[in-house]
Protein chains: 2
Amino acid sequence: MNIGNRVGYQILSGGDSTFQTFNPRLNSFNQINVFEATDEEILLAVELAENAFYEFSKISGFKKSLFFRDIVQLIESKELELYELYCSESGLDQTRAKVELTRTKNQILNFATLIASDEWRFCSTEIADENRIPSKPELIKGLFPLGPVVVFGASNFPFAYSTIGGDSISALAAGCPVVFKSHPLHAGTGDLMAKIVIEAALKNGMPEGVFSNLNSNDYSLGEKLIENPKIKAIGFTGSINGGKAIMRLAQKREEPIPVFAEMGSSNPVIILPSVLRDSAELWSVNLSNSITNSAGQFCTKPGLLFFVKDEFSLKFIELLVKEVESKDFQCMLSSSMCDNYNRLLNEREGFVKLNSKQGEVKANFAKPTIGICNSSIFLENEFLAEEVFGPFSLIVECENLDSLRRCVSSLKGQLTGTILSNSNKELTETGIIDLLQLKVGRMIFNGVPTGVEVVESMQHGGPFPSSSESQTTAVGLDAIYRFVRPICFQNYNHELLPEFLK
Amino acid sequence: MNIGNRVGYQILSGGDSTFQTFNPRLNSFNQINVFEATDEEILLAVELAENAFYEFSKISGFKKSLFFRDIVQLIESKELELYELYCSESGLDQTRAKVELTRTKNQILNFATLIASDEWRFCSTEIADENRIPSKPELIKGLFPLGPVVVFGASNFPFAYSTIGGDSISALAAGCPVVFKSHPLHAGTGDLMAKIVIEAALKNGMPEGVFSNLNSNDYSLGEKLIENPKIKAIGFTGSINGGKAIMRLAQKREEPIPVFAEMGSSNPVIILPSVLRDSAELWSVNLSNSITNSAGQFCTKPGLLFFVKDEFSLKFIELLVKEVESKDFQCMLSSSMCDNYNRLLNEREGFVKLNSKQGEVKANFAKPTIGICNSSIFLENEFLAEEVFGPFSLIVECENLDSLRRCVSSLKGQLTGTILSNSNKELTETGIIDLLQLKVGRMIFNGVPTGVEVVESMQHGGPFPSSSESQTTAVGLDAIYRFVRPICFQNYNHELLPEFLK
């Protein structure tokens with residue numbers, strides 16, 4: 001199968017450079033041959049997006065919502081094909097594929113519902129007062145799309161944070177055309193999804209360029225897109241280094257633009273003594289599931305477990321390690337990610353691996369692992385707090401509550417922070433809540449951080465470096481506000497106002 | 001009079017370096033001797049701000065509102081002294097001082113009203129569903145302060161955008177302690193205002209460090225503050241170059257932080273033929289007032305006037321020039337600003353000065369001036385679109401509507417855009433609204449851009465370079481949202497939730 005670049009309503013494959021996608025489960029290349037976008041194709045995609053912007057930004061929310069609903073309908077007519085591509089390019093299994101596709105469809109439908117009326121774009125009105133000296137004008141404020149947006153596909157969410165995932169759909173809902181940089185690991189899945197989006201766009205009379213899908217196996221495509229002055233914002237989900245590089249490029253432009261990057265997080269879990277004592281079994285099961293689910297390749301995987309060493313903590317460690325050892329070895333998204341995982345576990349110093357599960361490890365499969373260190377070592381070695389992408393979590397055994405608090409205070413920004421406790425008194429006395437709250441975007445009480453609800457009240461974005469803009473969220477309806485800005489209309493003849501502000 | 005640095009509840013003047021403020025109207029130094037902050041004083045102010053953050057962020061909005069009301073009361077008890085210092089350090093007259101102080105007090109009172117209840121901090125709730133598989137957690141999202149904020153005083157608003165002006169009061173209202181960098185031009189005014197803020201803070205039991213006032217006559221103080229890792233956001237009003245330098249420093253930090261910089265703008269005014277024909281007198285008066293008010297030292301001064309050359313435009317130019325010539329020469333904020341103004345008018349090429357008012361120009365006084373060029377020259381020389389700070393506006397005479405549209409499309413981001421027209425048909429046919437809207441934060445219809453209403457519906461912030469974050473506003477109640485971020489609480493025991501989310 002040959003895959004080109006979907007540039008507006010054309011499919012272009014004018015370049016010489018191609019790559020194949022890889023099936024990590026089979027450890028072999030797929031028969032999917034992807035043409036990398038040429039400079040001309042990139043420029044054309046951006047130009048079409050800019051041309052589309054004017055018309056697209058004026059299309060009513062209701063009409064856009066029909067476009068969104070048609071995307072979902074077309075997805076449903078291609079589900080089997082999508083699952084097959086997804087599994088062959090990600091190593092993730094069909095169960096996960098189904099859950100993720102359902103989530104993706106729900107995200108699209110939720111935004112369709114939100115924008116079916118343009119009410120969300122209205123901010124506020126100030127009534128004129130002609131008797132005041134000087135007279136007071138009428139002011140009406142509403143939200144308007146920023147312009148063409150570039151979205152980078154995420155390796156770990158081929159559906160939900162890729163082609164028409166959370167970033168793309170919130171940008172389109174806001175009225176911004178999207179130039180999508182498909183993730184090379186699952187370019188085939190991405191191309192089929194892009195075909196669906198473009199078919200729905202055509203059917204609903206959307207302007208050409210409202211969505212383009214470009215392929216590349218290296219950084220240069222992303223760089224060219226970020227540097228293009230017609231692009232007005234970036235959506236990204238990926239590593240801290242990737243996010244930082246994008247932020248730098250976006251700030252170096254003559255006109256700097258906002259980057260909404262959702263990067264890395266270790267998602268600390270604080271386990272207070274009452275839980276170690278009374279609920280060790282329950283939480284060893286819950287946590288081991290959360291650590292190993294989808295090979296630990298979630299941005300909210302709990303990567304750090306803190307507790308004070310006591311008579312019950314040893315038993316908890318034993319239970320947790322047993323649970324984690326009971327898990328199968330798990331296929332990772334790519335061989336290089338699996339190599340990275342193994343390298344980090346083998347080369348990172350300062351902690352001890354606790355599980356001893358034996359058995360043959362297939363290529364690209366990761367061994368679920370628990371590490372342990374004490375709080376002094378943790379505090380001395382900043383790198384121990386850094387995310388390990390994969391089914392690994394590090395226990396930090398603290399001498400006492402004071403050293404636990406110091407550990408929490410030493411953390412950088414995180415997407416989530418979790419506290420497990422069976423006692424309010426204990427919680428209040430430890431003062432952990434206040435310390436943890438400074439570091440995170442979502443506080444979880446007696447739960448696990450994985451399983452991100454896609455609802456308005458979700459906050460997926462924490463202090464740097466977990467995200468580039470802690471004031472925004474990448475998940476949930478509020479994600480739409482990343483791609484709009486307010487404009488105030490002073491003393492406007494109401495006939496001339498945009499429809500939704502009349 | 002010696003002026004130290006107000007670091008928490010102390011006054012420190014441990015340095016050797018001092019400067020005096022200057023009275024531009026008298027062209028002589030004031031007897032105000034200002035001690036520049038030492039490195040120790042800077043570090044202490046930031047440390048106290050960080051220490052204060054924890055307690056201050058937990059103080060109820062109601063209690064903070066009492067603190068704000070006391071600031072206003074104390075201002076009222078010192079008005080004469082404030083006016084005197086203000087006029088002696090800014091060259092602005094008493095009428096302006098009064099208007100600006102009233103505005104400043106209203107800003108403080110408006111935020112006091114907003115925060116008297118903490119309702120504004122509530123975002124949304126998602127109700128739990130235990131029957132769903134997997135069970136759905138409860139999610140509650142609210143807004144929380146970012147941390148200690150640095151605010152830079154503005155040269156042109158010694159009250160309203162300085163010590164306890166719009167940036168400081170919105171940061172404090174959000175729950176962020178403020179380290180204020182006083183503008184050296186009016187350090188005496190700033191010190192008296194800081195004394196008032198600190199007296200009110202003490203009286204209301206606010207933690208030490210909630211507000212500090214630091215002095216410096218060069219850039220190094222600002223740089224040290226921006227680079228301090230304890231600082232979590234920046235508020236700035238000033239030049240494009242100043243704003244860009246701050247953005248660069250803030251992005252270079254290990255933890256980049258948001259910069260809310262309100263920079264330069266030329267505030268284009270598009271005058272359509274119907275106005276030239278039927279309302280030339282009215283608008284020549286309105287515009288000349290807006291251009292010369294407070295020596296044209298407003299960020300929303302109309303600096304570019306566009307129209308199509310026709311039989312009526314020559315008459316309009318004549319009327320406008322006559323009006324501008326009828327204005328007195330005006331004292332500028334400082335001698336260096338006046339020098340800059342004169343240098344720009346004399347050295348910038350590509351336009352012709354139209355007015356010929358003669359007479360002696362006193363030191364630091366500026367001559368209100370209208371320039372003119374045609375649209376081809378304007379389009380060829382990007383610098384002609386750049387802001388001239390002072391009582392100057394450039395007429396761009398366009399050959400036809402097409403070249404007028406090209407001129408508007410060539411503009412960079414602006415705070416405001418104004419359209420004058422007596423006919424809806426004309427407005428719609430020219431297509432100017434849509435072009436202008438892409439460039440600005442506020443669209444004004446048949447009005448002037450100066451006179452910024454301080455209300456919720458105001459948008460003061462447009463695309464770069466007029467501001468660094470077009471998605472936020474520096475004026476009006478919505479300015480508070482610059483200094484908070486959302487935190488989501490998942491499955492929280494309601495007893496443990498912050499009071500306003502219960």
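Guide: A crossing is right-handed if the near helix is turned clockwise from the far one by less than a right angle, and left-handed if it is turned anticlockwise; by that rule, α4(B) passes α5(B) in a right-handed crossing. This model is predicted, with local features needing pLDDT of at least 70 and side-chain atom pairs counting only at pLDDT 80 or more, while totals for chains, interfaces and linings use all residues. Residues are numbered from 1 along each chain as its sequence is written, and chains are lettered from A and ligands numbered from 1 in the order in which they are written.

Visitor: Why are α4(B) and α5(B) called roughly parallel?

Guide: Helix α4 of chain B, residues 94-115, and helix α5 of chain B, residues 166-174, pack at an angle of about 15 degrees, with their axes 10 Å apart. Angles under 35 degrees count as roughly parallel, and the two helices are therefore described in that way.

Visitor: Which residues of α4(B) and α5(B) meet?

Guide: On the α4(B) side they are B:Gln107, B:Ile108, B:Phe111, B:Leu114 and B:Ile115, and they meet B:Gly166, B:Ile169, B:Ser170 and B:Ala173 in α5(B), where contact requires C-beta atoms, placed from the backbone, within 7 Å. By class, the residues of this contact are six nonpolar, three polar and no charged, with Gly counted among the polar residues.

Visitor: What makes the two copies related as by a two-fold rotation axis?

Guide: Chain B is superposed on chain A by a rotation of 180 degrees with 0.0 Å of shift along its axis, at an RMSD of 0.0 Å, and the copies are thus related as by a two-fold axis. In chain B, the C-alpha nearest the axis belongs to B:Gln251, 4.0 Å away.

Visitor: How do you know that the same surface serves both copies?

Guide: Of the contact residues of chain B, 100% recur in chain A. In this interface, 49 residues of chain B are in contact with 49 residues of chain A, and β22(B) gives the most to the chain B side, with six residues. That side has 22 nonpolar, 17 polar and ten charged residues.

Visitor: What is known of the domains of chain A?

Guide: The domain assignment gives domain 1 (2-124 + 145-263 + 467-485) and domain 2 (268-445), whose centres, taken over C-alpha atoms, are separated by 33 Å. 13 residues of domain 1 of chain A are in contact with 13 residues of domain 2 of chain A.

Technical notes:
Axes fitted to C-alpha atoms, helices over the stretch in contact; angles between N-to-C directions. Helix = DSSP H or I, 4+ residues; strand = E, 2+ residues; numbered from the N terminus. Parallel < 35°, antiparallel > 145°, perpendicular 65-115°, else oblique. Contact = placed C-beta atoms within 7 Å. Least-squares fit on C-alpha atoms with pLDDT ≥ 70 in both. Domains from an automatic or database assignment.
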